Amino acid sequence: MAEELVIEQGNKEEQYKVLLPQIEALLAGEPDIIANMANVSAALKQTFNFFWTGFYRVKGDMLVLSPFQGPIACTRIKYGKGVCGTAWKEARTIIVPDVDKFPGHIACNTASKSEIVVPLLKDGNVIAVLDIDSDRLNCFDETDSAYLEKISNLIVR
Ligand code: SME
């Protein structure tokens with residue numbers, strides 16, 4: 001069992017290592033952030049088949065739904081609310097192994113079991129968040145946060 005888990009984790013890192021330069025190439029020369037968010041959400045969905053991959057952009061005191069792949073989702077999230085609003089407020093990546101245990105989690109879809117939210121920082125300010133949901137518990141770890149933060153930096157760059 002433990003061995004299987006190690007192999008699975010290894011594969012994930014390999015997949016990110018292959019994906020990262022592909023995303024870099026995909027974004028190179030394209031300055032439009034919406035276009036880049038659209039392709040990144042598609043690339044993440046295609047590579048890992050996550051349940052939901054997408055972005056929310058900061059607009060005033062709200063996060064507004066932006067390019068995503070997966071089922072329909074809530075369109076607006078208030079500052080400090082849910083996992084996304086908390087990642088915005090605290091300007092840090094949040095990993096939620098079990099969404100039912102995160103106080104204030106916003107359930108856009110009951111199939112979502114675990115989640116990671118990575119803020120996109122520009123000049124020290126959060127301008128958007130990358131949100132990924134899995135239909136499996138405990139899907140995300142430090143490998144995901146490390147690579148998803150690199151990917152988020154590429155979008156803001
Ligand atoms: N679960 C998120 C809301 C966004 S959806 O998962 C796409 C949250 O608690 O912020």
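1. Helices and strands here are DSSP runs numbered from the N terminus, with helices (H or I) of at least four residues and strands (E) of at least two. On that basis Thr 110 belongs to the loop between strand 4 and strand 5 (114-122). The model is predicted: local features need pLDDT of at least 70, side-chain atom pairs count only at pLDDT 80 or more, and totals for chains, interfaces and linings use all residues. Residues are numbered from 1 along each chain as its sequence is written, and side-chain values use heavy atoms, with hydrogens and water left out.

2. The ligand is surrounded by 13 residues, and the closest are Val 83, Cys 84, Ile 106, Glu 115 and Asp 133. A residue counts as near a molecule or strand if one of its heavy atoms lies within 4 Å of it. By class, eight residues of this shell are nonpolar, two are polar and three are charged. In this scheme Ala, Val, Leu, Ile, Met, Phe, Trp, Tyr, Cys and Pro are nonpolar, Asp, Glu, Lys and Arg are charged, and the others, Gly among them, are polar.

3. The side chain of His 105 places an N or O atom 3.3 Å from a nitrogen atom of the ligand. A polar contact is a pair of N or O atoms within 3.5 Å; within protein, one must be able to donate a hydrogen and the other to accept it, and residues adjacent in sequence count only if both atoms are side-chain atoms.

4. Taken alone, the ligand exposes 300 Å², and the protein buries 99% of that. These accessible areas come from the Shrake-Rupley method with a 1.4 Å probe; for residues, only the protein chains shown count as cover.

5. The ligand sits in the largest cavity. A cavity is a set of points, on a 1 Å grid over the protein atoms alone, where a 1.4 Å probe fits but cannot get out. A molecule sits in one if more than half of its atoms lie within 2 Å of its grid points.

6. Strand 1 (52-59), helix 3 (82-90) and strand 6 (125-134) are the elements that give two or more residues to the shell around the ligand. Helix 3 gives the most, with three residues. Val 83 is located in helix 3 and is buried, at 2% relative accessible area. Buried means under 20% relative accessible area, exposed over 50%, and partly exposed in between (1.4 Å probe, protein chains only). The C-alpha atoms of Val 83 and Phe 68 are 17 Å apart, with a sequence separation of 15 residues.

7. Ala 91 has a phi of about 50° and lies in the loop between helix 3 and strand 4 (94-96). Its relative accessibility of 36% is why Ala 91 counts as partly exposed. For Asn 138, phi is near 55°; this residue is in the loop between strand 6 and helix 4 (142-156). Asn 138 counts as exposed because its relative accessible area is 56%.

8. Ser 134 is in strand 6 and is buried, with a relative accessible area of 4%. A polar atom of the Ser 134 side chain lies 2.9 Å from the backbone nitrogen of Arg 136.

9. Val 64, in strand 2 (residues 62-69), is buried at 12% relative accessible area; Val 64 and Arg 76 are twelve residues apart in sequence and 4.7 Å apart in space. Phe 48, in helix 2 (residues 33-48), is buried at 15%, and 9.4 Å separates the C-alpha atoms of Phe 48 and Tyr 16, 32 residues apart along the chain. Thr 110 is exposed, at 70% relative accessible area; the C-alpha atoms of Thr 110 and Asp 141 are 21 Å apart, at 31 residues along the chain.

Notes
On a 1 Å grid over the protein atoms alone, a cavity is a set of points where a 1.4 Å probe fits but cannot get out, and a pocket is an open set with protein on both sides within 12 Å along at least five of seven lines; lining residues have an atom within 4 Å of a point.
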